[in-house]
Amino acid sequence: MSYMDVAACGPLRGILLGPPGAGKGTQAKMIAARFQVPHFATGDILRAEVAAGSDMGKKAKGFMDAGDLVPDHLVVEIVKKRLASEEASVGYCLDGFPRTLEQAEILDLMLDPDESPNVVAVLEVDDDEVVKRLSSRETCSNPSCGRVYSAAANPPKTEGVCDVCGSALVVRNDDRPEAIRERLAQYHQKTTPVVDYYLRRGLVVRVDGCGSIDEVATRLESAICRSLAA
C-alpha cells in the first residue's frame, strides 16, 4: 500500500458500504488505522453478544442465523453507545452501519452536524464474485478475535487454525450458499437505497473491490482522501 499524507486530507467520519464478502471488515480496519480513527464494526459486536449469550445477542441470533438483517433498534443501540464515546471524538469508520434507509435517517438524528459522516465509500463487487469468496471463507471461532480467512486471498498458515490466537476456524451459518444468496437479496433491497441517500448529499465514492487486499486498500484510501480534500 503506497504512502499518502492522510493527515492533510482532514478528519475522517466515514462509512464503508458494500455487499457481503466485499472485504469491508478488512478494509475498514486498515482505513481506520491509516486515518487514526476508531473502527466500529456492528457485525463483530453483534457476534460477540451472541457468543456471550446476552439478551441482545439472543435476540439477534435468530436473524443472523437466517441470513437476515438484525432489526434497526438493536443495531442502533450499539452504534449510539460507540459514537457517544470519547474515542469517537477524533472521527470514526463505521463498518456495517447503516444498512437500511431507516438506519441512515436515525444516524442523522443522532449526530450533530459536525459529527455527521463526511464520506461514504462503497466497495463494488458483483454477485458471482461474492458467492465465490464467501463459499471459501472461514472465521476464527474465538469471538474476541474473529479473524476471517479465505482459501484464495488469505489462507491460514495451518489449515483450520487461526494464525492469531490458535482457535479453530469455522464456517459461519451466514456464509453457507443458501444464506449467501439471501444476504445478497437483502443487500440489494435494503442497502442500495442507503447509497442513493448519501449520493444525493454528494458524499459517495465508489471503489472497485476486486484485486488484492493492498490494491483495494490503495484505491480506497486515495478515493477517501480526494473526497475529504474536495
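Where is the place of Gln36? The legends below begin with that residue. This is a predicted model, in which local features need pLDDT of at least 70 and side-chain atom pairs count only at pLDDT 80 or more, while totals for chains, interfaces and linings use all residues. Residues are numbered from 1 along each chain as its sequence is written, and side-chain values use heavy atoms, with hydrogens and water left out.

**View 1. Gln36 in its loop.** Gln36 sits in the loop between helix 1 (24-35) and strand 2 (39-41). Helices (H or I, at least four residues) and strands (E, at least two) are DSSP runs, numbered from the N terminus. The phi of Gln36 is near 55°, a positive value in a residue other than glycine. Most residues other than glycine have a negative phi. Gln36 counts as exposed because its relative accessibility is 69%. Exposed means over 50% relative accessible area, buried under 20%, and partly exposed in between (1.4 Å probe, protein chains only).

**View 2. Helix 1 against helix 8.** The axes of helix 1 and helix 8 (residues 213-229) come within 10 Å and cross at roughly 50°. Helix 1 is therefore oblique to helix 8. Axes are lines fitted to C-alpha atoms, for helices over the stretch in contact, and angles run from 0 to 180 degrees between N-to-C directions. Angles under 35 degrees count as roughly parallel, over 145 as roughly antiparallel, 65 to 115 as roughly perpendicular and the rest as oblique. Residues of helix 1, including Met30, Ile31 and Phe35, meet residues of helix 8, including Leu220, Ile224 and Leu228. Contact means heavy atoms within 4.5 Å. The residues of this contact divide into ten nonpolar, two polar and three charged. Ala, Val, Leu, Ile, Met, Phe, Trp, Tyr, Cys and Pro count as nonpolar, Asp, Glu, Lys and Arg as charged, and the others, Gly among them, as polar.

**View 3. The two sides of helix 2.** Which residues of helix 2 (residues 42-52) are buried? They are Thr42, Gly43, Ile45 and Leu46. These cover an arc of only 165° around the axis, so they are on the same side of helix 2. The arc is that of the directions from the helix axis to the C-beta atoms. Exposed Ala51 and Ala52 are on the face turned away from the buried side. The cover over the buried residues includes strand 2, helix 3 (55-65), helix 4 (72-83) and strand 3 (92-95). Just after helix 2, Gly53 takes a positive phi of about 70°.

**View 4. Helix 2 across helix 4.** Helix 2 and helix 4 pack at about 110°, their axes 11 Å apart. Helix 2 is therefore roughly perpendicular to helix 4. Thr42, Ile45 and Leu46 of helix 2 meet Val75, Ile78, Val79 and Arg82 of helix 4. This contact has five nonpolar residues, one polar and one charged.

**View 5. The two sides of helix 6.** Val130, Val131, Arg133 and Leu134 are buried in helix 6 (residues 127-135). Down the axis, these buried residues fall within an arc of 165°, so they line one face of helix 6. Asp128 and Lys132 are exposed on the face turned away from the buried side. Strand 5 (137-140) and helix 7 (177-199) are among what covers the buried residues.

**View 6. Lys157 in its loop.** Lys157 lies between strand 6 (148-150) and strand 7 (169-170), in a loop. Lys157 counts as exposed because its relative accessibility is 78%. Its C-alpha atom is separated by 30 Å from that of Leu184, 27 residues apart along the chain.
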